[in-house]
Amino acid sequence: SSRPGFAAFFAGLRYYPVLWAFTLVNIVFFFIVKVLCTGFLLNVEIDQTLHLVRLILCIYWPVVMLPVVHLVVERKMPLFTAIKVSYKAGKETRWQQFYVLFYSLLLNAAGAALAGVGLAFTLPISYRAIQLYASRMDEYTLFEIERG
């Protein structure tokens, strides 16, 4: 609902530390998955099926994390609470979340195929699709925190 401009840009900077921490959590997750599934830095022989496990985890994690930014920015949740709520809320809609990310990937691949210039058009569309999906999940009260 905000208009693009410098005021909106500087207002959004207040989320930078939390979103930086979110990026760091994702980097740590992918590093741990790489170490455990490939034996990287461990000097151990691993079973080849762990490569398939790594592939599945690398697809599953972004799907689980899809609404986290919405929860942090719109609902003002702490980062780890938002991750926990996102995991629990998405158990029924995981395939829909996958299709939203798959749609975004295809759209941005088409934008990147145009020498990267198309990304100026496809990235905002992808962001808006993810934002609308997370808002719809919020509208259906999927993010209600269980008390107990």
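In this predicted model, F40 is partly exposed, with a relative accessible area of 36%. That value lies between the 20% limit for buried and the 50% limit for exposed residues. K34 lies over the face of the F40 ring, at 4.8 Å from the ring centre. F31 also counts as partly exposed, because its relative accessibility is 40%.

Seven aromatic pairs occur in the structure. F31 and F40 form an edge-to-face pair, because their ring centres are 6.4 Å apart and their planes stand at 90 degrees. F98 and F102 form a stacked pair, with 6.0 Å from centre to centre and 15 degrees between the planes. Helix α6 holds both F98 and F102. The two are four residues apart, about one turn of the helix. An α-helix has 3.6 residues a turn, so residues three or four places apart point the same way. F98 counts as partly exposed, at 26% relative accessibility. F102 is partly exposed too, with a relative accessible area of 39%. W95, F98, Y99 and F102 form one aromatic cluster.

Helix α3 covers residues 49-65. Its 17 residues should span 24 Å at 1.5 Å a residue. The end C-alpha atoms of α3 are 25 Å apart, which agrees. W61, V63, V64 and M65 are buried in this helix. Seen down the axis of α3, the buried residues fall within an arc of 165 degrees, so they line one face of the helix. They pack against α2 (16-38), α4 (68-73), α5 (79-89) and α6 (94-113).

Helix α7 runs over residues 119-139 and has 21 residues. From first C-alpha to last, α7 reaches 29 Å, close to the 30 Å expected at 1.5 Å a residue. Its buried residues are T122, S126, Y133, A134, M137 and D138. Viewed down the axis of α7, these residues fall within an arc of 155 degrees, so they line one face of the helix. A120, F121 and E139 are exposed on the other side of α7. The cover over the buried residues of α7 includes α4, α5 and α6. Just after α7, T141 takes a positive phi of about 50 degrees.

Key. Residues are numbered from 1 along each chain as its sequence is written. This is a predicted model: local features need pLDDT of at least 70, side-chain atom pairs count only at pLDDT 80 or more; totals for chains, interfaces and linings use all residues. Side-chain values use heavy atoms; hydrogens and water are left out. The expected span of a helix is 1.5 Å times one less than its number of residues. Buried means under 20% relative accessible area, exposed over 50%, partly exposed in between (1.4 Å probe, protein chains only). The arc is that of the directions from the helix axis to the C-beta atoms. Contact means heavy atoms within 4.5 Å. Rings of Phe, Tyr and Trp (its six-membered ring) pair if their centres lie within 6.5 Å; planes under 30 degrees apart count as stacked, over 60 as edge-to-face and the rest as tilted. A charge sits over a ring if NZ of Lys or CZ of Arg is within 6 Å of the ring centre and within 35 degrees of the ring normal.
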